[in-house]
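I opened my notebook to work through this model piece by piece. My notes follow in the order I looked things up.

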Amino acid sequence: MGSARRLAKHSPNRLGRKLRQIRKSFGDSQAEFLVRLGKPESILQGSISGYERGQREPPLLILLRYARAAGLCLEVLVDDGLDLPDEITSSPSGGK
C-alpha cells in the first residue's frame with residue numbers, strides 16, 4: 001500500500017480531466033475512442049472511464065497513444081502546469 005500511496009502522490013492531478021477533454025474534443029464515446037487508440041489489447045472500455053475519473057493510471061504507452069491521437073506532446077498530458085490547447089485536432093497518424 002505504501003508504494004500505491006507514493007504513486008498517487010506523484011501522479012498528475014489533472015491527467016484524468018485532460019484525457020476526458022481529448023476524447024470529448026473528438027466527440028467520441030469511450031468505445032469509439034478505443035478505436036481511435038487502435039484498440040490496444042491491454043485496455044477495455046471500462047479502463048477509459050477509470051483513467052478519466054482518476055481511479056486508474058494509464059500505462060505510459062497508452063498515454064503516448066492519447067498524445068499521438070490528439071497531435072500533442074506527451075509532456076502536455078502529464079505536466080499539471082501545462083494546459084491542453086483550446087482546439088484539439090487529430091494528428092495524421094491519430095485519425096480514425
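I began with a term: two residues are in contact when they have heavy atoms within 4.5 Å of each other. I also wrote down that this is a predicted model.

**Entry 1: V76**

Leaving out residues up to four places away in sequence, V76 touches K18, L82, D83 and L84. I took a closer look at K18. V76 and K18 are 58 residues apart in sequence. In space their C-alpha atoms are 9.1 Å apart. I placed V76 in helix α6, which covers residues 74–78. Is V76 buried or exposed? The cut-off for buried is under 20% relative accessible area. V76 has 16%, so I noted it as buried.

**Entry 2: The whole chain**

Next I stepped back. I counted six helices and zero strands in the protein chain. From the N terminus on, the order reads α-α-α-α-α-α. The chain has 96 residues, and 39% of them count as buried. Then I checked contacts between residues at least 6 apart in sequence. Of these, 50% join residues at least 24 apart.

**Entry 3: The aromatic rings**

How many aromatic pairs does the structure hold? I found two. For F33 and Y66, the ring centres are 5.0 Å apart and the planes meet at 40°, so I called this pair tilted. The pair links distant parts of the chain. F33 belongs to helix α3, and Y66 to helix α5 (residues 60–70), 33 residues apart. F33 has 0% relative accessibility, so F33 counts as buried. Y66 also has a relative accessible area of 0% and is buried. Ring pairs join F26, F33 and Y66 into a cluster.

**Entry 4: R36**

The charged end of R36 sits over the ring of F26, 3.8 Å from the ring's centre. I found R36 in helix α3, residues 30–36. Its side chain also makes a polar contact with the side chain of D28, at 2.8 Å.

**Entry 5: Helix α4**

I moved on to helix α4, residues 45–52. This helix is mostly covered, with six of its eight residues buried. Which ones are buried? I listed S47, I48, S49, G50, Y51 and E52. The buried residues of α4 pack against α2 (15–25), α3 and α5. After α4 comes G54, and I noted its positive phi, near 75°.

**Entry 6: The nonpolar core**

I ended with the largest nonpolar core, which has 20 residues. Which residues have the most contacts inside it? They are I22, Y66 and L77. The elements giving two or more residues to this core are α2, α3, α4, α5 and α6. Helix α5 gives the most, with five residues. Y66 was already in my notes as part of the ring cluster. I then looked up the neighbours of I22. Not counting residues up to four places away in sequence, I22 touches F33, Y66, A70, L72, L77, L84 and I88.

Definitions and conventions. Residues are numbered from 1 along each chain as its sequence is written. This is a predicted model: local features need pLDDT of at least 70, side-chain atom pairs count only at pLDDT 80 or more; totals for chains, interfaces and linings use all residues. Side-chain values use heavy atoms; hydrogens and water are left out. Helices (H or I, at least four residues) and strands (E, at least two) are DSSP runs, numbered from the N terminus. A polar contact is a pair of N or O atoms within 3.5 Å; within protein, one must be able to donate a hydrogen and the other to accept it, and residues adjacent in sequence count only if both atoms are side-chain atoms. Buried means under 20% relative accessible area, exposed over 50%, partly exposed in between (1.4 Å probe, protein chains only). Rings of Phe, Tyr and Trp (its six-membered ring) pair if their centres lie within 6.5 Å; planes under 30 degrees apart count as stacked, over 60 as edge-to-face and the rest as tilted. A charge sits over a ring if NZ of Lys or CZ of Arg is within 6 Å of the ring centre and within 35 degrees of the ring normal. A nonpolar core is a set of buried Ala, Val, Leu, Ile, Met, Phe, Trp, Tyr and Cys residues joined through side-chain atoms within 4.5 Å.
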